[in-house]
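Please look over the sequence and the structure shown here before reading on.

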Amino acid sequence: MLAISRSIRSSIPLLLVLRRGSSSPPPRILAAIDFDKTIVQQDSYLAVSQLLPASQNKELQQLIPRCGWLGFIGRVLQLLHSEYKVDSVAVGRRVRRLQAVPGMLRVLRRLARHSRVDLCIVSDANSFFIGEWLREYAIECLFAGVFTNPACVQASGELLVLPYEEQTDCELCPANLCKGSVLEELICSGRYERVVYVGDSCNDLCAMRQLRSRDVACIRRGFELHGKLVAHGGELTCSVLTWRDGHELESLLMPKIVA
């Protein structure tokens, strides 16, 4: 898996793994997918925060509007380790128990089997959470790239999550990760004749704004972005489909992939 953070982007280009063989490979399809509430049913940061006592967890959630999700999970992980002796192993165990969105594992496996599709994750979660979950289901090998906040386990056993970047240009996305800039660079690589983006929230809208008329935005019904689609749908030039679970996504999306 290729996990890229802003700190190492000078040495690793923001391109997915290229297939070996022809010096001029045929155009490919990129399927970029969010993680929380798109691949997994629950928000992974909130799931891990449930390891804290309920009253303390509720109090910490008040930090989110002021400090963002990265500040929130940083404080959660710090308290879990310092006050409750919960290390990265226990955190990983909680993440691995997250349920997949019904039907989503089948969608991922079908996309990865397609000879012209590169599959990647673009997420404001972190590399530790995502890696733990993918390994639990033995699907880490399906993804050519993961673009997310990097995380590391310190010698003490405490898990530390770092920002992917520090950006001030995008108001839709948090300062630590602009999904739109990730998609823009991937599209501008010229590698992909078509791009599919699957997500549920407003920072996914930023990525979907980068899509072209031949691309497809897949928006999950009943979640944040779908509720704002009337107000923001005019900002998208791509095709749009909405889905409730992986079974519906598969039936709607796969004909577009193989067309």
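Is Lys85 buried or exposed? The model is a predicted one, and in it Lys85 has a relative accessible area of 67%, so the residue counts as exposed. The sections below place this residue and others within the overall fold.

## Overall Composition

The protein is built from 11 helices and nine strands. Of its 259 residues, 53% are buried. The accessible surface amounts to about 11,700 Å², and carbon and sulfur atoms contribute 51% of that area.

Among contacts in the protein with a separation of 6 or more, 67% are between residues 24 or more positions apart.

## Two Residues with Positive Phi

Most residues other than glycine have a negative phi. Lys85 is not a glycine, yet its phi is positive, at about 55 degrees. This residue belongs to the loop between H3 and helix H4 (88–96).

Ala138 likewise has a positive phi of about 55 degrees without being a glycine. Its position is in the loop between H6 and strand S4 (145–149). With a relative accessibility of 61%, Ala138 is counted as exposed, because the cut-off for that class is over 50%.

## The Packing of H2 and H3

Two packed helices are described by the angle between their axes and the distance between the axes. For helix H2 (residues 54–61) and helix H3 (residues 64–84), the angle is about 150 degrees and the axes lie 9 Å apart. H2 and H3 are therefore roughly antiparallel to each other, since angles over 145 degrees fall in that class. On the H2 side, the contact is formed by Gln56, Asn57, Leu60 and Gln61. On the H3 side, the residues involved are Ile64, Pro65, Phe72, Arg75, Val76, Leu79, Glu83 and Tyr84.

Leu63 is located in the loop between H2 and H3. Its relative accessibility is 18%, so Leu63 counts as buried. Apart from neighbours within four places in sequence, Leu63 is in contact with Gly68 and Arg75. The C-alpha atoms of Leu63 and Ile73 are 9.8 Å apart, and the two residues are separated by 10 residues in sequence.

## Aromatic Pairs

A pair of aromatic rings is described by the distance of the centres and the angle of the planes. The structure contains five aromatic pairs. In one of them, formed by Phe35 and Trp133, the ring centres are 5.9 Å apart and the planes stand at 80 degrees, so this pair is edge-to-face. It joins distant parts of the chain, as Phe35 is in the loop between strand S2 (28–33) and helix H1 (44–49), while Trp133 is in helix H6 (residues 127–136), 98 residues apart. Phe35 and Trp133 are both buried.

Trp133 also pairs with Tyr137: the ring centres are 4.5 Å apart and the planes are at 40 degrees, so the pair is tilted. Through ring pairs, Phe35, Trp133 and Tyr137 are linked into a cluster.

Met104 lies in helix H5 (residues 104–113), and with a relative accessible area of 0% it is buried. Leaving aside neighbours within four places in sequence, Met104 is in contact with Thr38, Ile39, Trp243, Gly246 and Leu249. Thr38 is 66 residues from Met104 along the chain, but the C-alpha atoms of the two are separated by 8.2 Å.

Gly92 is situated in helix H4. Like Met104, Gly92 is buried, at 0% relative accessibility. Beyond neighbours within four places in sequence, Gly92 is in contact with Phe128 and Glu132.

Technical notes:
Residues are numbered from 1 along each chain as its sequence is written. This is a predicted model: local features need pLDDT of at least 70, side-chain atom pairs count only at pLDDT 80 or more; totals for chains, interfaces and linings use all residues. Side-chain values use heavy atoms; hydrogens and water are left out. Rings of Phe, Tyr and Trp (its six-membered ring) pair if their centres lie within 6.5 Å; planes under 30 degrees apart count as stacked, over 60 as edge-to-face and the rest as tilted. Helices (H or I, at least four residues) and strands (E, at least two) are DSSP runs, numbered from the N terminus. Buried means under 20% relative accessible area, exposed over 50%, partly exposed in between (1.4 Å probe, protein chains only). Axes are lines fitted to C-alpha atoms, for helices over the stretch in contact, and angles run from 0 to 180 degrees between N-to-C directions. Angles under 35 degrees count as roughly parallel, over 145 as roughly antiparallel, 65 to 115 as roughly perpendicular and the rest as oblique. Contact means heavy atoms within 4.5 Å. Accessible areas come from the Shrake-Rupley method with a 1.4 Å probe; for residues, only the protein chains shown count as cover.
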